[in-house]
Amino acid sequence: MNSLAPEHLADLQKSNLNSTTNELCQFYSARPHDIKQFQGIDSALVIPYFGLDGKLTGHKRLRFFPPRLTKEGKEQKYSQDHGSDSEIYIPPLVPWAQIAADPTQPLTITEGEKKAAAACQAGLFCIVVAGVWNWRQRLDNHERMVLSAFDQFIWQDRRVELIPDSDVWKKEKFQALCGFYALAMELVDRGASVTFVRLPESGK
């Protein structure tokens, strides 16, 4: 099993992830040497990414403890290798190649790798976009195109639930909600039947 610092293990347990899920997802704590360039954090949880075949893609994201403040004064919880494109997060807990090829299987798309892992642990088929607009990648000419991983799924006649973070429905988060609506329209164009799930705000 990969090494996890106590605060990272506690955070995963807070998301209701069990030891088997943590091991399959290969979460681990970053070495201090690997995060020394980030000022204002004590540690980082490494979240590796996987393909439909369950193999590591080489992409990963860092979850900062505590979140760091950017030069603009914004809170930054996550980071990834500079210059790397976004990927969808596919928890290696279910037979994804079969799910992707079978449009009778409903699919859930949300934000947050831990949420997706918890959903798959509970028996759902859930993938993640790491940000409301991060289902696209930037080309050399600065145009945007849909991540190629979406082409590996059959969307025609598939039921899809989009579950953005609860705060996305606030007026000041309108642009974030637009990102998920744009994703919904992309999937509808591909033949999917898409519905939104609105989560209750935390603490409410």
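A salt bridge is a side-chain nitrogen of Lys or Arg within 4 Å of a carboxyl oxygen of Asp or Glu. The legends below describe such pairs in a predicted model. Side chains of opposite charge can pair when their charged atoms come close.

**Figure 1. D151, E186 and R190 are linked in a network of salt bridges.** E186 has a relative accessibility of 22% and counts as partly exposed. R190 is also partly exposed, its relative accessible area being 23%.

**Figure 2. D11 and K114 form a salt bridge.** The closest N and O atoms of D11 and K114 are 2.5 Å apart. D11 belongs to helix α1 (residues 6-14) and K114 to helix α4 (residues 113-121), so this pair ties together parts that lie 103 residues apart in sequence. Are the two residues buried or exposed? Both D11 and K114 are buried.

**Figure 3. K115 and D165 form a salt bridge.** Between K115 and D165, the closest N and O atoms are 2.4 Å apart. K115 is in helix α4, while D165 is in the loop between β10 (159-163) and α5 (174-189), so the pair ties together parts 50 residues apart in sequence. K115 counts as partly exposed, at 38% relative accessibility. D165, with a relative accessible area of 25%, is partly exposed.

Notes. Residues are numbered from 1 along each chain as its sequence is written. This is a predicted model: local features need pLDDT of at least 70, side-chain atom pairs count only at pLDDT 80 or more; totals for chains, interfaces and linings use all residues. Side-chain values use heavy atoms; hydrogens and water are left out. Helices (H or I, at least four residues) and strands (E, at least two) are DSSP runs, numbered from the N terminus. Buried means under 20% relative accessible area, exposed over 50%, partly exposed in between (1.4 Å probe, protein chains only).
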